[in-house]
Structures are given as structure tokens and as C-alpha cells.
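Reader: Could you walk me through the pockets, cavities and sheet of this model? I'd like to know which rule sits behind each label.

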Amino acid sequence: MKIKLSEKNQRITASVTLAIDSKAKKMKAEGINVINFGVGEPDFNTPDNINSAAIEALEKGITRYTSATGLPQLKEAICEKLKKDNSLDYKPENIVVSNGAKQCLYNSLLAVCNPGDEVIIPVPYWVSYEELVKMADAKAVLVHSSEENEFKLQKDALLKAITPKTKALLLNSPSNPTGSLYNREDLEMIAEIAVEHGIVIIADEIYEKLVYDGEEHISIASLNNSIKDQTIIVNGMSKAYAMTGWRIGYTASNKEIANIMGNLQSHATSHPNTIAMYASAKALTDPQTSVEEMRKAFDERRKYMVEGISKIEGVSCLTPKGAFYIMMNISKLKGKEIAGKLIQNSMDFAELCLDKSHVAVVPGVAFGVDDYIRLSYANSLDNIKEGLKRLELLIKG
């Protein structure tokens, strides 16, 4: 007798970015020189002071269970960080440390959503947002933006998307995949509407430290107490500190939401890795020299990639203000034949790039926009130069 499996979870799709990365790594293992613009992971090693703190934790025997919501000294360090960087006052009881920012997002959705609730997601969006909403038994409401508006959510579109079932809005600034950054005026507009309609803001601020051209990251929760009470801040260690594999993320929210998330986590995963939390506290409290060094390196690569794309006929891009991604517009290539392959969509072009030029990119369809591909400049400058050269030769034919 065939066992009937979960219908809901069979509808969850795999991450396209991880699938592309997996294929690229397989090709590399076979000896193929692949330039990987696909995965969103800093190419730097975790800084030495953080590694040393992890070794210290091992030597001191700090390897046991801790509170479900996180190591006390890490929660204190997060509160200090939020006060210093974002002018936000939180207590440790408002903080929940989780196994990466992705679990933070999942916990947040589970804490606020009931079956049938609607969650607004601005498009383009990070690939996991829509699937996480489905996993929380809620419905994703996709609201499109345009390149002309820097891919940012506009007031009319937001108001049109709101219904009596609207529960939350996923806001990512700086953005993956676009690199867009919401300024104070943008955030004030969103906050006013959210307060008026009782919408929870799930503010994904994981790329907060990676901002360029003198721009400023502003946390929407810092605007006023009303929106702060309705906001769940999501952040973590992976991007700014090159700690992707350490899996430490955290949320800051009102106490009621934090309690729900803490209870959920206590049964689902107990708590994050104790050693990684100890090292994360060190990362947040030590001088932030390594963070700035990495940001400057990303900035140099960003400028080179934007300039390089502008020289390739048939494609274009906006200059991103944050994160480490560029959305390259390939709409003029659709309907054309390149290297013997008819390009009908972004997946066709991404497959061609990997198969023919050995360059891994992510098709825009993964982010809800089929006229684009995403390139990550979390890569060496040499690799960026070589990758762009290959793409130019491919497109020229």
C-alpha cells in the first residue's frame, strides 16, 4: 500500500540558487573551471578573532545546552548592537537567537500567521520567502515593482494588495536580489500604512552592514514606537561576518511575539549551536574592522561589475546600493538564438551560461522576474573579470 505523504509539503519547491550552486560545484569537481556568480556567500574566511573565540569556548567546555532563545551574553551583545547601530532599545527578553536568519523568518511567520492569512512580498524577492509563507499555512501576495522605481515597493501597489486577511509584510533592505535600499521616506510610507492597517513588518536586515555610496541603512522599527511594536527585526552573522556555515541569526520583537518564537524553537530545534553563539558574541562586541574591510572589497567589485555589464551590448543593470548582488536585465536577449540555443526565458539563459561558458548565474524567474538574471559579486575581482569576459563573448556569439 502506497503511503500518502504530506500534500502541503510536497508543494514546497527546492531552492533554485542552491540547485545552481550544486551543479556548478559538481562541474568544478569534474575539473571544469566554473566561475560561480550564483550563491550569496562571502568568499572571505571567518575573521580570526571569531574563530579564536570558538576555540576558547571548546577549551572552556562551553558546549552544553543553553536557553532555547540563546546564550545570555549573545543576547546582551545583540541588544547593545541594536542600540548603537540602530538607535533601538530592546531587552534580552525581546531577542530570540536561531539557527540562521532563515529559521528566524520561519519562526516569525509561524508566530504571527494563522491558516489563510496573507503575507505581502515585494517582487523581486528572495527565493525562500514564498516557500516559507506556504510552510506557515499562509498565502503569499506578490506585489511587483519596477526597475524604474529601483525595484522598491510603491504606495499605490501596497494599498491595492491589502485585504482584511493581510497579516504581514516581508521587507528586505538592503535587498536580495536587487541590492535596493529603502530610504527614510520609503520606510515612513510603509510604516504609516502598516500601523493604520495593523500589519506586522518582518524586516529582513541581514545585509545591513553592506551599504555603499554614502547611503545609510535605516531600520523601520526605529521610526516610532507604534511601528516598532509591529516589527520583527531579522538579522544574523552570515553576511557581514562571513559566518554562513555557523548558522546564527536573531530576531528582535515585542515580548509576546518573542515568547511564541521561543516556545516554537524549544520544541523544533532546542537552540542554536552554543559554540557558534559564543563566537558570535565576540564578533559583535569586538572592533568591526574586518566588517569594514569586507564592505570595501565588495564595493570595489560592485563598481567593476556594473561598469563591465554596461559595456556588454544587449544587457544592462542598475547600480545596487547595498548587499552583493546585481540584477542584469536580459529582456533584449529573449527571443534570440545564442550559441545555437533559443533564449525564451531566464532559465534558458542561465543554463546556457553554465553549459557553454561555465558561468553560474541565477535565473530571475527564481525571484519572480523573468527578464533578469542575478549575479553575485561575493567573488574575487579576478573571477569577476573572467566571468564577465565569458558572458560578453557568449552574448556576442
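Reader: What makes the space of about 240 Å³ the second largest pocket?

Author: On a 1 Å grid over the protein atoms alone, a pocket is an open set of points with protein on both sides within 12 Å along at least five of seven lines. Its volume is the space filled by probe spheres set on the points, with points joined across faces, edges and corners. By that rule the second largest pocket holds about 240 Å³. The model is a predicted one, where local features need pLDDT of at least 70 and side-chain atom pairs pLDDT 80 or more, while totals for chains, interfaces and linings use all residues. Residues are numbered from 1 along each chain as its sequence is written, and side-chain values use heavy atoms, with hydrogens and water left out.

Reader: Which residues line the second largest pocket, and which element gives the largest share?

Author: A lining residue has an atom within 4 Å of a point. There are 15 here, with Thr13, Ala14, Ser15, Val127 and Glu131 nearest the centre. Helix α6 gives the largest share, six residues; helices are DSSP runs of H or I with at least four residues, strands are E runs of at least two, and both are numbered from the N terminus.

Reader: How do you know how many of its lining residues are nonpolar, polar or charged?

Author: Ala, Val, Leu, Ile, Met, Phe, Trp, Tyr, Cys and Pro count as nonpolar, Asp, Glu, Lys and Arg as charged, and the others, Gly among them, as polar. Sorted that way, the lining has nine nonpolar, three polar and three charged residues.

Reader: And what about the largest pocket?

Author: That one comes to about 520 Å³. It has 27 lining residues, and Gly40, Lys102, Trp126, Lys239 and Arg247 lie nearest its centre. Helices α2 (16-29), α5 and α6 (127-135) each give two or more residues to the lining, which splits into ten nonpolar, eleven polar and six charged.

Reader: What makes a space a cavity, and how many are there?

Author: A cavity is a set of points where a 1.4 Å probe fits but cannot get out. Three cavities of 30 Å³ or more turn up by this rule. The largest holds about 120 Å³, and Pro122, Pro124, Asn172, Ser175 and Tyr182 are the closest to its centre among 15 lining residues. Strands β3 and β5 are the elements that give two or more residues to that lining, which has ten nonpolar, five polar and no charged residues. The second largest cavity, about 70 Å³, does have charged residues in its lining, four of them.

Reader: Why are β3 and β5 called paired?

Author: Two strands pair if DSSP finds at least two bridges between them. Strands β3 (residues 118-123) and β5 (residues 166-172) have three, in the parallel sense, so they qualify. Val119 stands opposite Ala168 in β5. On the β4 side, β3 pairs in the parallel sense over six bridges, with Val119 opposite Ala140.

Reader: What makes β2 and β4 edge strands?

Author: The open sheet runs β2-β8-β7-β6-β5-β3-β4, with mixed pairing. β2 (95-98) and β4 (139-144) each have a single partner strand, so one side of each lacks a neighbour in the sheet.

Reader: How do you know that β3 is mostly covered?

Author: Buried means under 20% relative accessible area (exposed is over 50%, partly exposed in between; 1.4 Å probe, protein chains only). Six of the six residues of β3 are buried. Glu118, Ile120 and Pro122 are on one side and Val119, Ile121 and Val123 on the other, so with every one of them buried, both faces are covered.
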